[in-house]
Amino acid sequence: MGRHGRHPLRSLGVALLFTVIGTQAQQPDPREQWFRMADMFQALGLRDGSRVADIGSGPGFFTIPMARIVGKTGRVFAVDIDEEVLKTLRQRVGEAALENIDVIQGEPRDPKLPSNSLDAALIVDACHEMIEHKAMLTRIRQALKPGARLVIVERMPRTVRDKPRKDQMDKHVLAPELVAPELSEAGFEIVDRRDDFISRPQAEDFFWMIIA
């Protein structure tokens, strides 16, 4: 299980991004700008018709906006392994009247995504919850088309950045120095790494991004 009883593949810490889950899907969320959602989507190369996975979707903070971008000819695969949070996501999808979202209950070793079918995949603040990270990265790579992109964003407190992997995972964080070689081992090529993606100089932590 993940932090505080949450399971791996939950994204973004519910306390941070889902304190209020609105059902007014058309209303812009000010958190989107703070969290640089548009930059994440640009890194993914999202466009009309794209097929993309939101891995660790939670209640759909990224899933819903992604579905609107890819349009009726595109598809978003929202993956989580927590059935309760997926119930919330399904409700939100229904309220938003979006028919281009597949909600998938994955497993710790397998996101259950269709092979060789995705243009992009996004993992936000969820890598540190993936106990079976080697198997997961391999499965994700198998789901991506040749040349497709995987974008990973994680929060990193400065005080634990140099700690061993287990210590970082116990704190529910993961440094880019640990993730980068794991991506290479799984067969990915890193095309960009931004340790200061959200720099937060006055805070104790920051968010990094890797594009592979």
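Biologist: Which residue in β7 stands opposite arginine 194?

Modeller: The model is a predicted one. In it, β6 and strand β7 (residues 205–211) pair in the antiparallel sense, over four bridges. The residue of β7 that stands opposite arginine 194 is methionine 209.

Biologist: Which are the edge strands of the sheet?

Modeller: The sheet is open and has seven strands, with mixed pairing, in the order β3-β2-β1-β4-β5-β7-β6. An edge strand pairs on one side only, and the two edge strands are β3 (101–105) and β6 (192–198).

Biologist: What angle does the direction of α3 make with that of β4?

Modeller: Helix α3 packs on the sheet, where it touches β4 (118–124), β5 (144–157), β6 and β7. Taken between N-to-C directions, on a range from 0 to 180 degrees, the angle of α3 with β4 is about 145 degrees.

Biologist: And at what angle to β2 does α4 run?

Modeller: Helix α4 lies across β1, β2 (75–80), β3 and β4. Its angle to β2 is about 165 degrees.

Biologist: Why is the pair of phenylalanine 41 and phenylalanine 62 edge-to-face?

Modeller: The structure holds two aromatic pairs. In the pair of phenylalanine 41 and phenylalanine 62, the ring centres are 6.5 Å apart and the planes stand at 70 degrees. Planes over 60 degrees apart count as edge-to-face, so the class of this pair follows from its angle of 70 degrees.

Biologist: How many residues apart in sequence are the parts that this pair ties together?

Modeller: Phenylalanine 41 belongs to helix α3 (residues 37–44), while phenylalanine 62 sits in the loop between β1 (51–55) and α4 (63–70). Both phenylalanine 41 and phenylalanine 62 are buried. The pair therefore ties together parts whose separation in sequence is 21 residues.

Biologist: Which residues form the aromatic cluster?

Modeller: The rings of phenylalanine 61 and phenylalanine 62 have centres 5.1 Å apart and planes at 90 degrees, so this pair is edge-to-face. Phenylalanine 62 also pairs with phenylalanine 41. The one cluster is formed by Phe41, Phe61 and Phe62.

Biologist: Which element supplies the largest share of the largest nonpolar core?

Modeller: That core has 35 residues, and those with the most contacts inside it are Ile55, Leu113, Ile123, Ile140, Leu150 and Leu183. At least two residues each come from β1, β2, β4, α6 (133–143), β5, α8 (176–185) and β7. The largest share is five residues, and its source is β5.

Biologist: How many residues are in the other core, the one with Val85 and Leu86?

Modeller: This core lies apart from the largest one. Ile101 and Val124 are also among its members, and its size is 33 residues.

Definitions and conventions:
Residues are numbered from 1 along each chain as its sequence is written. This is a predicted model: local features need pLDDT of at least 70, side-chain atom pairs count only at pLDDT 80 or more; totals for chains, interfaces and linings use all residues. Side-chain values use heavy atoms; hydrogens and water are left out. Rings of Phe, Tyr and Trp (its six-membered ring) pair if their centres lie within 6.5 Å; planes under 30 degrees apart count as stacked, over 60 as edge-to-face and the rest as tilted. Buried means under 20% relative accessible area, exposed over 50%, partly exposed in between (1.4 Å probe, protein chains only). Two strands pair if DSSP finds at least two bridges between them. Contact means heavy atoms within 4.5 Å. A nonpolar core is a set of buried Ala, Val, Leu, Ile, Met, Phe, Trp, Tyr and Cys residues joined through side-chain atoms within 4.5 Å.
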